[in-house]
Amino acid sequence: MALQIVIIGAGITGLSSAIALKKYLPDPKPIITIVETRSAPSTIGGAVNLTPKALRYLDHLGVLEVLHAEGAGAECRAIELFDLYTGSKTADLDFRGRDGDGIGKTGSKKYFAMRVMRKELQRALLKVMGEQEGCELLFGKDVVDIEESTDGVRVGFKGGQSIHGDVLLGCDGIHSCVRSLLIDKDRKPTYTKIATSMAVSNVRRENQLRWDATALISSRRGSFMASYFEKSRKQQYIAVVLETEEVNSREGWKVKGADQAEVKRQILERFDNKAIPELRQLVEDAGDWTLYPVYKLPHGGRWTAPGGRCILLGDAAHAVLVVDIPIEGA
Ligand SMILES: Cc1cc2nc3c(=O)[nH]c(=O)nc-3n(C[C@H](O)[C@H](O)[C@H](O)COP(=O)(O)OP(=O)(O)OC[C@H]3O[C@@H](n4cnc5c(N)ncnc54)[C@H](O)[C@@H]3O)c2cc1C
């Protein structure tokens, strides 16, 4: 009989897990139900960097082909690191590999990295997931309890309905209900008081960027990231980490009205420097700033339930761990 798998969360982890299980588990293929709390896929979120290893996995899953067909993402051969005060390059995080043609074993397919909007990656995953037989996605479901027994797992929803499975994957992100209801109730995320401020900006023709794809510019007051994320290379995605006491939404929020100008002001105060004049135009022309709060989980904790039928994956398991580093002389 086919295995019944319940996946909580239709983010990057949940969708890629569903496709991988369908593709790689032997016959009879599992029946998969994905449960998502949102009523529709979110369009909030910045551009994510997919490493060569991530691209190899997505290629095996058939998702990279969809990204290419839709013209999504921009190739990144290296993340170039610069010093804000001198403008000079300090290092490359290199994806070109030994022979300059990407990362991968000799004789096998090689990959550079790619930066792509999270929503485009999610859309490609949803497309491939939708092509799998016996894979259902339920939007707008509020999970209120989860029980693991020797026979399987029961997931209860607000309103009284429930579904059953043989195994359950908790892919529901940093605020995981699978973690808080079943696996590790005491391991709670805390807000770090920093949020990633991100926006998209046009690149004016006269603005000669010193980087090919992605720059990470270090200063005494944090880092500035700028990157192409679409094929026409007319726009840059920019992101900076800022201290923010308030959390308006656990999963990111659009900055409103006058606060847009305040975000720009704070970023220019930190990063406007003659050594890298390109940054000023990018910040000035950027619109629609979004803030994405950074949460952390305490070190340690469990990833599986006692009966071995439930597991946490992705951010639900391991988003930003707090590691205590002993300070010399302290
Ligand atoms: C809207 C959004 C915007 C993001 N933007 C950024 C960004 O700009 N920069 C960045 O570095 N990272 C961002 N992330 C996080 C990034 O996507 C993840 O770090 C990474 O992709 C790992 O993915 P994940 O699937 O484990 O978690 P996530 O991408 O967080 O996906 C978790 C999924 O589970 C769903 N979910 C949550 N709780 C429940 C529940 N109780 N029941 C059912 N479903 C639930 C969520 O709606 C989401 O679809 C964002 C995540 C989200 C959800």
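Predicted model: local features only at pLDDT ≥ 70, side-chain atom pairs only at ≥ 80, totals over all residues.
Biologist: What makes strand β1 (residues 4-8) and β2 a pair, and in which sense, parallel or antiparallel, do they run?

Modeller: Strand β1 and β2 are joined over five bridges in the parallel sense. Two strands pair if DSSP finds at least two bridges between them, so the term applies here. Within this pair, V6 stands opposite T33 in β2. A strand is a DSSP run of E with at least two residues, a helix is a run of H or I with at least four, and both are numbered from the N terminus.

Biologist: Why is β2 described as mostly covered?

Modeller: Four of the five residues of β2 are buried. Buried means under 20% relative accessible area, exposed means over 50%, and partly exposed lies in between, with a 1.4 Å probe and protein chains only.

Biologist: What makes β6 and β17 the edge strands of the eight-stranded sheet?

Modeller: That open sheet has the order β6-β5-β14-β15-β16-β13-β18-β17, with mixed pairing. Both β6 (89-94) and β17 (253-254) pair on one side only. Further inside the order, β14 (residues 214-219) and β15 (residues 222-227) run antiparallel and are joined by six bridges. There, A215 stands opposite A226 in β15.

Biologist: How do you know that helix α6 packs on the sheet?

Modeller: Helix α6 (residues 258-271) touches β13 (190-202), β14, β15, β16 (235-243) and β18 (287-296). Contact means heavy atoms within 4.5 Å. The direction of α6 makes about 85° with that of β16. Axes are lines fitted to C-alpha atoms, for helices over the stretch in contact, and angles run from 0 to 180 degrees between N-to-C directions.

Biologist: Which strands does helix α7 touch, and which of its residues are buried?

Modeller: Helix α7 (residues 278-285) touches β13, β14, β15, β16 and β18, and its direction makes about 95° with that of β13. Its buried residues are E278, L279, Q281, L282 and V283. They pack against β13, β14, β15, β16, β18 and also α6.

Biologist: Why does K193 count as partly exposed?

Modeller: The relative accessible area of K193 is 44%, so the residue is partly exposed. K193 lies in strand β13 and has a positive phi of about 70° although it is not a glycine. Most residues other than glycine have a negative phi, and most peptide bonds are trans.

Biologist: Where is a cis peptide bond found?

Modeller: A cis bond joins D27 and P28, with omega about -5°. P28 lies in the loop between α1 (12-24) and β2 (31-35).

Key: Residues numbered from 1 in each chain as written. Heavy atoms only, no water.
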